[in-house]
Amino acid sequence: MIMKTPSLRTIAAALLCVGISNVATAIGDTDSVVTAVFSRSFNGYERPAGPDGSPALQTYVVSQGGYVPGLGADPSIDNVKFAGIVRILGKYLANHGYFPAKDAKKADIMLVIHWGKTIPFDRAGHQNLLVQGLQGFDGLQQLGMGIGGSPVAFESRNEVPPSAISFSPEQTEGQVNAAIAEAAKAQMIQGIMEIRMGEQIRDDANTHNANLLGYSAELSARDNTSLFAGAGDSYRDLIADLETERYYVSVTAYDFQEALQHNTNKGLWRTVTSIQARGNRFDEKLIAMIEKSSRYFGHDSGRLVRQFDRTPRVSIGELKVLGVVEEESAGQN
């Protein structure tokens, strides 16, 4: 029996019947992407106004501030060049009245651009320090500390945990208990120090990232009694942002003429935008990040603007052949 090989037209028509219902239902599923933007002006800066009251056009030069790659290799940001970021920025700067200076020496402002990925605190190292600190308190029991921190008087040296402390035969029971108390105190102090060290490392990393991403003022505003009256979730969301890797782009404007004439760095404004790195790609989100932040160039955002975006996600799912269209029928369509 000779089997007839279907033509390309037949195959194409059949593929139209494959898994269409799965695509249609999955296209409505979405992921939430949180974009954070913070903008602030300095030194009394106000955007100059033109004759009609609208913002006056300003010219700029660009400087590369620096790139932070984060902890691990990430091609989605490692392969993005400074020139590419400048080109994208240029479009949105122009939309808001900022244009490259034709004569660099006459530029109004200098824009310094930083970008990269944040480095959150070492969660595993932090956990290890906490465990070690708690083990110091566990050692109190082994060293014979009673309730309230008083040493336990052992009836014989055989009751003293052999790994806790060693004694000489000449020591009295009182000396033994005094030595136990000192050892327990040292263990407790060591445990407290390790716990404090872990928390200090965490706080330092969070403080650095908060300053970098523009979260500091928002955290201060939310750090009040409202944390215990139902507003704690918002505060914890901010901390969660700081304790996960985030992509960011920061644009800082300086008075360029002030720098040329007086050799001083007079900051005018800074705008920073960021998104969570996990589940996203920097090269795919860069345009959206800059677009959202560009509306605040040269202006105060007031507070941290934390916006949820719904991103469509298409999932084809399992393909199912619903039928094969005959070649004659396919030719008619």
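Modeller: Welcome! In this predicted model, strand β2 (residues 58-68) runs parallel to β4, with 8 bridges between them.

Biologist: How do you know that β2 and β4 pair?

Modeller: Pairing takes at least two bridges, and β2 and β4 have 8. One of the contacts joins V68 to its bridge partner G116 in β4. β4 also pairs with strand β5 (residues 246-255), in the antiparallel sense over 9 bridges.

Biologist: What makes β4 largely enclosed by the rest of the structure?

Modeller: Of its 9 residues, 8 are buried, so β4 is largely enclosed.

Biologist: Why is W115 called buried?

Modeller: Buried means under 20% relative accessible area, and W115 has 3%, so W115 is buried.

Biologist: The structure holds 5 aromatic pairs. Why is the pair of Y67 and W115 called stacked?

Modeller: Ring centres must lie within 6.5 Å and planes under 30 degrees apart. For Y67 and W115 the values are 5.3 Å and 20°, so the pair is stacked. Y67 is in strand β2 and W115 in strand β4, 48 residues apart.

Biologist: How do you know that F82 and W115 are stacked?

Modeller: Their centres are 5.8 Å apart and their planes at 25°, within the 6.5 Å and under the 30 degrees required. F82 lies in helix α4 (residues 82-95) and W115 in strand β4, so this pair ties together parts 33 residues apart in sequence. Y67, F82 and W115 form one aromatic cluster.

Key:
Residues numbered from 1 in each chain as written. Predicted model: local features only at pLDDT ≥ 70, side-chain atom pairs only at ≥ 80, totals over all residues. Heavy atoms only, no water. Buried < 20%, exposed > 50% of the residue type's maximum accessible area, 1.4 Å probe, protein only. Helix = DSSP H or I, 4+ residues; strand = E, 2+ residues; numbered from the N terminus. Phe/Tyr/Trp six-rings, centres within 6.5 Å; stacked < 30°, edge-to-face > 60°.
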